[in-house]
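Okay, thanks for coming, everyone. I'd like to walk you through one structure today, going from the sheet to the core and then to the charged pairs. Let me put it up on the screen.

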Amino acid sequence: MTTMNRFNRVAILVTIFFAIAILDLAYAQQRRKILVAYVAPGITQVLPWIAKEAGLFAKHGIDAEVILLTGSPRLIQTLLAGDIDYALGGTSSVLRARFRTPDPMIIATTTNFSGQRVLLRPESPLQRLQDLKGKTVGVTQYGSQGDTFLRDALKRVGLKPDADVSILQMGGIPQVGAALLAGKIDAGVSGESSLVLIQQGRAKQLPGASAKDLKIPGSGATLSVTRRNIARDREGIVRFLRAYVEAIHYFRTNREGSVRALAKFFRGSTAEQIAFLYADQREVFDPLPIPSDEAIQGELDRETDPKAKTMKPSDFMDLSFLREIEKSGFLTELYGKTASPGR
């Protein structure tokens, strides 16, 4: 074998080696492990879990771990610290973080209405919001979506939060429920996760004391990322949101698979309770989960920070990812040409 032939063989082998290394690196980046955190075990928090259980993250080249991290302020702090990649939680905490820093950014929502409501024990004699005067109400954390809703609701009926009504932070939704059932608080604020307690007959809703009853504009949980993540991995965020959008389709159209996933998500709930939740909430998600300006503005209107008056809903959102997905025809692939995919 001539020296030239030997050189050519070595060159070919080196080229193949580097090509394989580049492909391995690209695959590793594509399958980078991401961490998704949700704030409470409720239906509007279930989409990342559905995406994982149904294999939709894997389908879109994402290796994701989905974890519970209670308390929206804590959730957003963890996102800003870079310890998680995606945060699904209360909108008010996102807004307050944005008053102080360019991060985080909302890229999707769950619903354009809040599911917050005031819960009582079944035997409670309280009949209206005004009856909470002199009582103690539990929320997850100060500054959380539930806390913000409660303070706004009390003001609407002429009650002063912390003066007329004691507000205690309990740590998370499970802790609010446990404190209520144990009689340590007179009432508790919860989102749609309270439907399980109501269906079980272990709690009831205070009449007229939900965001829907009071016509309080707002949003459900919102999905947020940091600007750092947007700059670093735009293509990865698009793939994540395609899985997120497909999870909505899966939830709306695949009862058997969704109920199976919900049984794991709501550990300890009976098959009857899971079926109740699914039937009640099956169409709660818009096919294209874009936050409305009205919902975000409703949240802004409740903020006391002076910056809330100078900012507009678009300052908190980057909807380019969902608009890209919309233009790609992905919704038509999922729902067909005759379906109405929402906004």
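Before the sheet, a definition: two strands pair if DSSP finds at least two bridges between them. Helices (H or I, at least four residues) and strands (E, at least two) are DSSP runs, numbered from the N terminus. Also, this is a predicted model, where local features need pLDDT of at least 70, side-chain atom pairs count only at pLDDT 80 or more, and totals for chains, interfaces and linings use all residues. Residues are numbered from 1 along each chain as its sequence is written, and side-chain values use heavy atoms, with hydrogens and water left out.

Let's look at β1, residues 33–38. With β2 it pairs in the parallel sense over six bridges, and Ala37 has Ile67 as its bridge partner there. Toward β3 (residues 86–89), three bridges join the strands, again parallel. Val36 is partnered by Tyr86 in β3, and Tyr38 stands opposite Leu88.

Now the core. By nonpolar core I mean a set of buried Ala, Val, Leu, Ile, Met, Phe, Trp, Tyr and Cys residues joined through side-chain atoms within 4.5 Å. Buried is under 20% relative accessible area, exposed is over 50%, and partly exposed is in between (1.4 Å probe, protein chains only). The largest core has 55 residues, and Tyr86, Leu223, Phe240 and Leu241 have the most contacts inside it. Helix α10 (residues 234–253) gives the most to this core, 11 residues.

Take Leu241. Which residues is Leu241 in contact with, leaving aside neighbours within four places in sequence? Counting heavy atoms within 4.5 Å as contact, we get Ile107, Ala108, Leu223, Phe321, Leu322 and Ile325.

Next along is α11, residues 255–265, whose buried residues include Val259, Leu262 and Phe265. The buried residues of α11 pack against β1, α2 (47–53), α10 and α12 (271–281). Asn254 caps the N-terminal end of α11, with a side-chain oxygen 2.7 Å from the backbone nitrogen of Gly257.

Last bit: charges. A salt bridge here is a side-chain nitrogen of Lys or Arg within 4 Å of a carboxyl oxygen of Asp or Glu, and the whole structure has 18 of them. One joins Asp147 and Arg151 at 2.9 Å, N to O. Those two are about one helical turn apart, because they're four residues apart in helix α6 (residues 145–156). Asp147 has 4% relative accessibility, so it counts as buried.

Buried or exposed: which are Glu299 and Arg302? Both are buried, and their salt bridge has its closest N and O atoms 3.2 Å apart. For Lys312 and Asp315, that distance is 3.6 Å. Lys312 counts as partly exposed because its relative accessibility is 48%, and Asp315, at 22%, is partly exposed too. Finally, salt bridges that share partners join Asp152, Arg156, Glu299 and Arg302 into one network.

How values were computed: Polar contact = N/O pair within 3.5 Å; in protein donor to acceptor, adjacent residues only side chain to side chain.
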